[in-house]
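I opened this entry to look up cavities and ring contacts. The notes follow in the order I took them.

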Amino acid sequence: MKKPWKPVDMSSVTTYPLQKRINKVSVQDFARLPEPETDISAFLASLPNILKGPDFLALVDDIVAAHQNDKPVIVMMGGHVIKCGLSLLLIDLVKRGVITGFAFNGASSIHDFEIALIGETSEDVSAYLQTGQFGMWEETGGLMNAAIQRAANTGIGMGEALGKQLVEMDAPYNAYSLLASGVQHDVPITVHVAIGTDIIHQHPDANGAAIGAASFTDFRLLTALVKELEGGGVVLNLGSAVILPEVFLKALTIARNLGQTVSHFTAANFDMNQQYRPVENVVRRPTEIGGKGYTFTGHHELMIPLLVQAINSRL
């Protein structure tokens, strides 16, 4: 006879202290800001006018123009961007007023939150999976789920709630946190999750209704940002292969459905491999009626510092 299947009761899940976890990534290895007088304009001018050379320079010019014309520059990013130690570079662009909004997947929010808490992130999945400890970290799950519950209770987005949690508790490594910096500099950071994809969903305090409500608020907030892209805005997708390209396509559709013209903007995808959804849903389809789209293939830890320094050299 078939068993009467029932959802697992997660109230007895065992969690472990985050401080005792062995991590692969530390702020000690993060990219540092170059000296203010560092200028790579001559290097940029020396690039070949072939293939991606002119595309890269055109994108840099579009980002600088968006900044100068008070148009949005939205950065969508996967978790590996943070794990590659690039937070300080992006925070610097926030402080300069260049980046006006972020969209995270769940992994990005978790790595950023853990960096703020302990200055480290990225556990050894294979090792901890064997013992049932993978992702079962008390502080990560407990603090993040508490913030998400407050977000649902108060009607704010997940990104804002997580950032406020870090700021209010004065987390020791907030200087490296995009979530905290977003709150401190009034730059929205939206978080877009799929239930079951993130380690904090394994925690006994996880509330699916709260997660859904907070992330849906962020989806509507991102749509408000996307509505303003017309006339020279820029959207960058840094390493999200599935979630954020799909979310962006829906946000863009809503904006257009509500009567907003969102056709003349620039979209670019940066990743180690060009994959279907980012190319189609961020670069090609959204820009085919008037915008510009670019793809750049390479390692985040090389390409993003180059992009950031190129922008700074143009400012």
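How do the residues of the lining of the second largest cavity divide into nonpolar, polar and charged? I found four nonpolar, five polar and no charged. I used these classes: Ala, Val, Leu, Ile, Met, Phe, Trp, Tyr, Cys and Pro count as nonpolar, Asp, Glu, Lys and Arg as charged, and the others, Gly among them, as polar.

I note that the model is predicted, with local features needing pLDDT of at least 70 and side-chain atom pairs pLDDT 80 or more, while totals for chains, interfaces and linings use all residues. Residues are numbered from 1 along each chain as its sequence is written, and side-chain values use heavy atoms, with hydrogens and water left out.

Cavities

I counted two cavities of 30 Å³ or more. A cavity here is a set of points, on a 1 Å grid over the protein atoms alone, where a 1.4 Å probe fits but cannot get out; lining residues have an atom within 4 Å of a point. Points are joined across faces, edges and corners, and the volume is the space filled by probe spheres set on them.

The second largest cavity has a volume of about 40 Å³. Its lining includes Thr 15, Trp 137, Ile 199 and His 203.

For the largest cavity I noted a volume of about 70 Å³. It is lined by 13 residues, with Leu 90, Leu 93, Ile 99, Leu 236 and Leu 307 nearest its centre. Strand S2 (73-77), helix H4 (87-95), strand S6 (234-238) and helix H13 (300-314) each give two or more residues to this lining. H13 gives the largest share, four residues. Helices (H or I, at least four residues) and strands (E, at least two) are DSSP runs, numbered from the N terminus. By class, this lining has 13 nonpolar, no polar and no charged residues.

Rings

I then listed aromatic pairs, meaning rings of Phe, Tyr and Trp (its six-membered ring) with centres within 6.5 Å; planes under 30 degrees apart are stacked, over 60 edge-to-face, the rest tilted. The count is ten. Phe 270 and Phe 296 are stacked, at 4.8 Å centre to centre and 25° between the planes. Phe 270 lies in strand S7 (residues 266-271) and Phe 296 in strand S8 (residues 292-297), so the pair ties together parts 26 residues apart in sequence.

I checked burial, where buried means under 20% relative accessible area, exposed over 50%, and partly exposed in between (1.4 Å probe, protein chains only). Phe 270 is buried at 1%, and Phe 296 is buried at 3%.

Ring pairs link Phe 56, Phe 270, Tyr 294 and Phe 296 into a cluster. The charged end of Lys 52 sits over the ring of Phe 296, 5.7 Å from its centre (the rule: NZ of Lys or CZ of Arg within 6 Å of the ring centre and within 35 degrees of the ring normal).

Key
On a 1 Å grid over the protein atoms alone, a cavity is a set of points where a 1.4 Å probe fits but cannot get out, and a pocket is an open set with protein on both sides within 12 Å along at least five of seven lines; lining residues have an atom within 4 Å of a point.
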